[in-house]
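Open the model in your viewer and keep the selection panel at hand.

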Amino acid sequence: MRYVNLTSLLIFRSVSTAVYKRFPTMDHVVEAGFMTADERKLFDHLKSPHLKYWVPFIWFGNLAAKARNEGRIRDSVDLQSLMTEMNRYRSWCSLLFGYDWVGIPLVYTQVAEQLINPFGEDDDDFETNWCIDRNLQLWMKCT
């Protein structure tokens, strides 16, 4: 669950000014407990000109495969189910990033100002920080 929360945070940092202001650097992400110091080193070591929100999915896949080999995931069907759900979530993150990356034609933004940045800091914007807090609270209750 921590890797799902970390991915959410990374993708929200890229599309929401409110979340970016709350977590302006990766140090803030580590201090908040979304990423360990060792994971931060691995994350920083990976050089890419693109957003690296997908890295926690790789970590999850490796961890799930290890759990299967150690018998903590009982069979391959369970492992496949976990991987399918994580891939579905990764696709949703990709879609969200794509929506933010592709600009809205000017004619539409003159009709609806909200279309320009729905993840901003206005009262009508999506509450991305609330989503992060809620997910973190649920994760903390489960651990």
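Select arginine 2. Setting aside neighbours within four places in sequence, its contacts (heavy atoms within 4.5 Å) are Gly33, Phe34, Met35, Thr36, Glu39 and Trp139. Arginine 2 sits in helix 1. Helices here are DSSP runs of H or I with at least four residues, strands are E runs of at least two, and both are numbered from the N terminus. Is arginine 2 buried or exposed? It is buried, because its relative accessible area is 18%. The cut-offs are under 20% for buried, over 50% for exposed, and partly exposed in between, with a 1.4 Å probe and protein chains only.

A word on the model. It is predicted: local features need pLDDT of at least 70, side-chain atom pairs count only at pLDDT 80 or more, and totals for chains, interfaces and linings use all residues. Residues are numbered from 1 along each chain as its sequence is written, and side-chain values use heavy atoms, with hydrogens and water left out.

Next, select serine 8. Serine 8 is also in helix 1. Its relative accessible area is 3%, so serine 8 counts as buried. Beyond neighbours within four places in sequence, serine 8 touches Tyr89 and Asn135.

Now show the largest pocket. A pocket is an open set of points on a 1 Å grid over the protein atoms alone, where a 1.4 Å probe fits, with protein on both sides within 12 Å along at least five of seven lines; lining residues have an atom within 4 Å of a point. Its space is about 310 Å³, taken as the volume filled by probe spheres set on the points, which are joined across faces, edges and corners. Select the lining: Met1, Arg2, Tyr3, Val4, Phe60, Leu63, Leu82, Glu85, Met86, Tyr89 and Trp139. Helix 1 (2-15), helix 5 and helix 6 (76-101) each give two or more of these residues. Which element gives the most? Helix 6 does, with four residues.

Tryptophan 54 counts as partly exposed because its relative accessibility is 34%.

Finally, zoom out. The protein chain has eight helices and zero strands. Of its 143 residues, 33% count as buried. Among contacts with a separation of 6 or more, 57% join residues 24 or more positions apart.
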